[in-house]
Amino acid sequence: MSEQMNCTRRDFLKVAGAAVVVAAVAGAAPTLVTEAHAAELDLVSQRQSGVYAADANPKLYNLRKSQDNPMVQKLYAKGGFLGDGPCGHVSHELLHTHYVDRSAALKALKAKGIKLKA
Amino acid sequence: MQEMEKVMMKGSAPLDVDPGSFSFVQVDQEKCQACGTCVDVCKTGAIQAQGAEGKSKVLDPAACVNCGQCLVNCPYGAIYEEVSYVDAVFAALKDPNTVCVSMPAPAVRYALGEAFGLPAGTHVGGKMHAALRKLGFKFIWDNEFTADVTIMEEGTELINRVKHPSHHAPLPQFTSCCPGWVKFVEAYYPELIPNLSSAKSPIGMLGSLAKTYGAQQTKTDPAKMFTVSIMPCIAKKFEGLRPELAASGHRDTDVTITTRELAYMIKKAGIDFKNLKDDPADPILGEATGAATIFGTSGGVMEAALRLAYEVLSGEKLKDVDIKAVRTHEGIKSASIDVPHFGKVNVAVASGLDNAKKLCDEVKAGKSKYHFIEIMTCPGGCINGGGQIINPSVREAENGHSKIFAAINKRLAMKAQA
């Protein structure tokens, strides 16, 4: 009995949860659980199929290369707003950035004994 | 707290707050059932079981990249968002002196329809533009335009690095579009910062272009512009608040909202979304190509970049634009692309930070053979982002066996007290 009480709620529920799923699959409503699980796996591929279908659909996107976009060409045209081209001076000012080393706070956290996955 | 598309949202944060000082997702201790789902899906370890009851908690903002995978996968809806700017957007839309600018990300249009009963993956870009116009946005600009610009900048940077790799611009080059990933590098792999493309993300570019080029072209006072970033992502709220993103002389992005918050706004405004007629984005900063729309999926930025790099490096036209070798929706995928007059371009695509970590360790050890690596934090990419419409099957538990869990919890708690 005391061993059972030492098990955390999380551990307990993981086992209980598995038991519930198994019971449902074996019991009265097997399709409910499997359909829900399939739906979860499917959602990402459904959205992804939508993306690639749109890319290949000339009614939605009649051009498929960034360099062919007429508004992009206008932006980079000689004498245009970014007339010195991609990675040029104005691009550097407006469209590029720098990053911040944020590792010190993480080191402090690990020094406190906190275990992270990365 | 307000509920928006099945997620609880707290209020706005000051626009000059340090976004590194707090976590954008938090666990409601009342609702947490200690099931451990979030602990499993979190790949940094920022969310962990705490105390005797084993309920989850975000430990420290320094460890969390704000991707929100914990939130979208919680069966109990126990994880809430700390920041919502919906009220600020409604106020700006009402103010006659404010010019509201919309900036929706590619992936938003593949999930937004789900909130209105359309099947997952339905492209609702045209309806989304129409809804934004009805909400009162003056300029319907689109982040897909700057996805194309990102290819020009990041692709050119890659070509420069391939031709002249240097200590401060080494190979491989990593993509820099994903804000969860960028914070992950800054915190967990700072030695790889030089490998990150210096190109801003598409939204970083659109914010700064809107208030400079866009303002110029439309003869609008940039000080009156209010730029609203609309994202499939919670970590973009962090990015939007980065102090360095003010190249236009103003805040480049005024506020960031998610796909869920946009759906909430459309419903709140009483717009009949399903029956809207398709509307194009506005010119100047709206038009986009297929290369831009695929940014929303894992492998898409890579494919879009290769459609440019191939032509620049080979001097030839790319006839078949479908580069299926880099299409993937899980794990790590690598490919070697033959480019005439150049040779092989070696690339890798990964989603999920556990996979990213493997590639980072290779680069750190000097063993990476790649020229270009695309990383997205969320498995499958932005289409599965932390700001997207909640997958109904994730919440089955709320109505189904969570009641059984709750009953078990209660008995357990009573036993523990006895």
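Predicted model: local features only at pLDDT ≥ 70, side-chain atom pairs only at ≥ 80, totals over all residues.
A residue is called buried when its relative accessible area is under 20%. By that criterion, helix 9 of chain B, which spans residues 259-268, is mostly covered, with eight of its ten residues buried.

**Extent of the interface**
- Chain A contributes 61 residues to the contact, and chain B contributes 107 residues.
- About 7400 Å² is buried between chain A and chain B, and carbon and sulfur atoms give 63% of this area.

**Polar and charged interactions**
- Five salt bridges are found across the interface of chain A and chain B.
- A salt bridge joins the side chains of A:K65 and B:E311, with an N to O distance of 2.6 Å.
- Residue pairs in polar contact across the interface of chain A and chain B number 37, both residues being at pLDDT 80 or more.

**The side of chain A that touches chain B**
- At least two residues of this side come from each of helix 2 (9-26), helix 3 (30-55), helix 4 (70-76), helix 5 (89-95) and helix 6 (103-111) of chain A.
- Helix 3 of chain A gives the most, with 14 residues.
- By class, this side of chain A comprises 34 nonpolar, 13 polar and 14 charged residues.

**Helix 9 of chain B**
- The buried residues of helix 9 of chain B are B:T259, B:R260, B:E261, B:L262, B:A263, B:Y264, B:M265 and B:I266.
- B:G270, which follows helix 9 of chain B, has a positive phi, near 70°.

Methods
Residues numbered from 1 in each chain as written. Chains lettered and ligands numbered in written order. Heavy atoms only, no water. Contact = heavy atoms within 4.5 Å. Buried area = accessible area lost by both parts, 1.4 Å probe. Salt bridge = Lys/Arg side-chain N within 4 Å of Asp/Glu carboxyl O. Polar contact = N/O pair within 3.5 Å; in protein donor to acceptor, adjacent residues only side chain to side chain. Helix = DSSP H or I, 4+ residues; strand = E, 2+ residues; numbered from the N terminus. Nonpolar A, V, L, I, M, F, W, Y, C, P; charged D, E, K, R; others polar. Buried < 20%, exposed > 50% of the residue type's maximum accessible area, 1.4 Å probe, protein only.
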